[in-house]
Amino acid sequence: MKPARTRFAPSPTGHLHLGGARTALYAYLLAKQTGGQFLLRIEDTDVKRTVAGAEQEIIDGLRWLGLDYDEGPDIGGKFAPYRQTERRAIYQRHAKVLMDKGRAYPCFCTPEKLEKTRQEQTKRKENPRYDGTCRNLAPDEAEKRIANGETHTVRFKMDQEGTTTAHDHLRGDIVTDNKQLNDQVLIKSDGLPTYHLAAMVDDHEMQITHVIRGSEWLGSFPLHVNIIRAFGWDEPTWVHLSVFLKPSGKGKMSKRDSAEANKDGHSVFIKDMEELGFTPEGVINWAALMGWGVAEDDVMTLNQMIERFSIDSLTPSPAAINFQKLDHFNATHIRLFSTEDLAARLKPYFTREGLTVNDGTLQKIIPLIRERLTTLDDCVAFGAFFFKDAVSPAPEDLVAKGLDAKRSAEVAKKCLEILSGLSSIDHATAEPALRSYVEESGLSPNQVFGLLRVATTGQKVSPPLFESMEIVGREKSLRRLENAIEILEKI
RNA sequence: GCCCCCAUCGUCUAGUGGACUAGGACGCGGCCCUUUCAAGGCCACGACCGGGGUUCGAAUCCCCGUGGGGGCACCA
């Protein structure tokens, strides 16, 4: 396949979300697989809706995901600028080309008038559409009004006869009756282009070979191919992706659904992912597989995806978001990281809890907690006690199952006696010693080890006991046991 | 209201007319392992939206329903 040039072209109006991330990912994969380029273009032609900081969030999000672009607003490139508000003259020039060809015309209708017409049409149960008032204005009159400084827009002159056939890579030919199409605004009265003009011009100028975008564009797809054909340009390959549905599969994600997701530690916004303990690898893998049909073996790194990706195996049907699957992919990738890598990724989650992390200790606990982590921040729940001087177990947790506090204290004392007798507390020495005590005492391993676990870690659920004691160290382990005995005797 | 798109286990999907007793993954249930929690191993449950065609033969092609989604702006 020839090198593909693809682009991610978001508008800076809100947070980078899952849908955008997946669109960017597919575009990135196609470009990288074919040895082409992936670029970022900011579609900020709606000045009123542009949100400060949104562009930076998009850039940060793509970087975090690992989707590095070859050309973009902050790094430049052969076809700079990559921010549409900075390309105003280019669109003006192209609008002029279309007007000269008789495929576009100035329109002097006011928004108020258009709105009124729309309401009347709706009332009459007609399809709301431009009524064509300015479509056939005499050229000299139009010119005069422009010269007079009358505010105007530029509209596309859509053929009113015949049909338009647009080809989507995933759906095949989509035939539309031209009567359904409208004379859309190309240049707004503020002089900036609408998406319809800007995106077509930029995709052509920037030599985009494959337009990968959301299926919300399917409605204006026929318009877009008409604009391109009016210019006489070649069309890119069009790939309209499916939309994401809420987990129930009933409709798109709403604000309420997002809040719901946040409640159980998930999010559809990329900016939240890191804080929630998700890895770029997990998020990417998860997002990739919603809409990309892979037969088997679906745990993949970015590089493996680049090798295996194909726009032919994308699916056109909507996909319900499944956060449990995100958990799965995240956990799976965590288990794939090297110890050093995982240590570096975990450290911030400990330090943000105010813990002082000893790097040597951190390395040692990785094998103990790695396969217990679903998200990176789970490391705190499992391993915070490694970095504390003392733990504060709940008294009731120290009482062994089936025993009372008094008896538990006796057991704890016996354990302390045994452990004190060891010159070093490690897995190899402590386990046999305590296990033989368990056997002769007639208690269950669960009772004795459970008590020791709570005493040592302060938790009922923890990494393996003896390995943990070894890392905590002899002195600290003994001190924690003594403390546990004190607590038990006070009950 | 009009237009467009989509339709396989609960969810993501494989399947491109015979290799389908419809495969995989997540989840769910069970068992094994086991000092807790995980991980791992094994097993089970579980789907071609409905109706008509076409064909020797249809999950696969066509039509009609139904359901779901998207669009109908000087927003993208």
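Me: At what angle do helix 17 (residues 405–420) and helix 21 (residues 474–490) pack?
Reply: This is a predicted model, where local features need pLDDT of at least 70, side-chain atom pairs need 80 or more, and totals for chains, interfaces and linings use all residues. Residues count from 1 along each chain as written, chains are lettered from A and ligands numbered from 1 in written order, and side-chain values use heavy atoms, without hydrogens and water. The axes of helix 17 and helix 21 (lines fitted to C-alpha atoms over the stretch in contact; helices are DSSP runs of H or I, at least four residues) lie 9 Å apart. The helices pack at an angle of about 160 degrees.

Me: How is helix 17 oriented relative to helix 21?
Reply: The angle between helix 17 and helix 21 is about 160 degrees. Angles over 145 degrees count as roughly antiparallel. That makes helix 17, relative to helix 21, roughly antiparallel.

Me: Which residues of helix 21 make the contact with helix 17?
Reply: Contact means heavy atoms within 4.5 Å. Helix 17 brings A405, S408, A409, A412, K413, C415, L416, L419 and S420. Helix 21 brings R474, L478, L481, E482, I485, L488 and E489.

Me: How are helix 19 (residues 445–457) and helix 21 oriented to each other?
Reply: Their axes are 8 Å apart, at an angle of about 110 degrees. The range for roughly perpendicular is 65 to 115 degrees. Helix 19 and helix 21 are therefore roughly perpendicular.

Me: Which residues of helix 19 touch helix 21?
Reply: On helix 21, the contact uses S477, R480, L481 and A484. On helix 19, it uses L452, A455 and T456.

Me: Is T164 buried or exposed?
Reply: T164 lies in strand 5 (residues 163–168), strands being DSSP runs of E, at least two residues. Its relative accessibility is 3%. Under 20% is buried, over 50% exposed and in between partly exposed, so T164 counts as buried.

Me: With which side chains does the side chain of T164 make polar contacts?
Reply: A polar contact is a donor–acceptor pair of N or O atoms within 3.5 Å, where residues adjacent in sequence count only if both atoms are side-chain atoms. One partner of T164, at 2.5 Å, is N178. Another, at 3.0 Å, is N226.

Me: Where does T133 lie, and how accessible is it?
Reply: T133 is in the loop between helix 4 (111–123) and helix 5 (139–147). Its side chain makes a polar contact of 2.7 Å with the side chain of K113. A polar contact of 2.7 Å also joins the side chains of T133 and D131. T133 counts as partly exposed because its relative accessibility is 41%.

Definitions and conventions. Axes fitted to C-alpha atoms, helices over the stretch in contact; angles between N-to-C directions. Parallel < 35°, antiparallel > 145°, perpendicular 65-115°, else oblique. Buried < 20%, exposed > 50% of the residue type's maximum accessible area, 1.4 Å probe, protein only.
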